[in-house]
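Please look through the structure below before reading the report. It is written for a reader new to protein models.

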Amino acid sequence: MIPPADMTLRAYDLHAPSGPATAAVFASPHSGCLYPDALLERSVLLPHELRSSEDAFVDTLFGSAPSCGAALLAARLPRAWIDLNRGPDDLDPALIEGLRRGPHNPRVASGLGVVPRVVSGGRAIYRGKIPEAEAEARIRDVWQPYHAALERLLDERVARFGRAVLIDCHSMPHEALDGMAPDRRPDVVLGDRYGAAAEAGIVAAVEDAFAAAGFAVSRNTPFAGAYTAQHYGRPARGRHVIQVEIDRALYMDEARVAPHAGFAGVKARLDRVVARICDQVRGADRALAAE
């Protein structure tokens, strides 16, 4: 089974800038929370267990981007259905019927391919495999429209401003920081694929924006950036991508997948971060235009 047509036709929500435009784009590929009946009926997990791999509320946390002059692209369907931060050929033969094993891919091997086999904690979503045609339908109806929209947004900004700056927004389970000394655990991890996905000055400006709002920031550990940063990050072509991971414990009860008392405060701080990033990008846009 695949999702009803009314869901597949709207793979994402796109919020256009309402403030002075910049070359910045914000995207939230994992905050989708419309769970298809086909997933809920087939999964061996309870709904709140399926949500453990969702970047819940991230689209809300960065929701001020349009008023600051940046587009905001947000997925509607969940990561447990299709992972928009994976390549379309990251297919898992352990989940999809009839697939032959290809070259080793650690993400696919762990069950986190473009059609996920597991959620957080390695918990299997299904009992058995799914048809290849179903996996292809999810890619066609959800992955392809989302990435077509993202590509168009970046192309438009490169054409207008000479560059595009994509802030790819995610959240990380607090347990992802286990093993780090308590005084060295970051609130936010910026991933630029060790400098390959964005110019150093842009990454430094984004880091400064988070630090100015009181967030402890690290780079590339434990998350350096996945498909979106790798595929779209082309600094030499004016395309810069920074993956942002925020510790979920800062703003939500992870077990209940619900905002906690600290949510409003974190949202207010992130509003300042978004405004500062957009101001910095806008200032650089003017400087480029004057050259």
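The report covers the overall build of the chain, its surface and charges, and some of its salt bridges.

## Basis of the model

This is a predicted model, in which local features need pLDDT of at least 70 and side-chain atom pairs count only at pLDDT 80 or more, while totals for chains, interfaces and linings use all residues. Residues are numbered from 1 along each chain as its sequence is written, and side-chain values use heavy atoms, with hydrogens and water left out.

## Overall build

The protein chain contains nine helices and 11 strands. Both are DSSP runs numbered from the N terminus: helices are H or I with at least four residues, and strands are E with at least two.

Along the principal axes, the C-alpha atoms fill a box of roughly 60 × 40 × 35 Å. Of the contacts in the protein chain with a separation of 6 or more, 80% are between residues 24 or more positions apart; a contact means heavy atoms within 4.5 Å.

## Surface and charge

Of the 291 residues in the protein chain, 52% are buried. Buried means under 20% relative accessible area, exposed means over 50%, and partly exposed lies in between (1.4 Å probe, protein chains only).

The protein chain carries 34 positive and 37 negative side chains, and the centres of the two sets are 1 Å apart. Lys and Arg count as positive and Asp and Glu as negative, without His and the chain ends. Each charge is placed at NZ of Lys, CZ of Arg, CG of Asp or CD of Glu.

## Salt bridges

A salt bridge is a side-chain nitrogen of Lys or Arg within 4 Å of a carboxyl oxygen of Asp or Glu. By this rule there are 17 salt bridges. One of them joins aspartate 92 and arginine 117, at 2.6 Å from N to O. Aspartate 92 lies in the loop between β3 (71-75) and α5 (106-109), and arginine 117 in the loop between α5 and β4 (118-119), so the pair ties together parts 25 residues apart in sequence. Aspartate 92 is buried, at 3% relative accessible area.

Which residue forms a salt bridge with glutamate 151? The partner is arginine 239, with the closest N and O atoms 3.2 Å apart. Glutamate 151 is in helix α6 (residues 132-161) and arginine 239 in strand β9 (residues 239-247), so this pair ties together parts 88 residues apart in sequence. Glutamate 151 is partly exposed at 27% relative accessibility, whereas arginine 239 is buried at 7%.

Arginine 239 also forms a salt bridge with aspartate 155, where the closest N and O atoms are 2.0 Å apart. Aspartate 155 lies in helix α6, so its pairing with arginine 239 in strand β9 ties together parts 84 residues apart in sequence. Aspartate 155 is partly exposed, at 35% relative accessibility. Elsewhere, salt bridges with shared partners join Arg10, Asp13 and Arg76 into one network.
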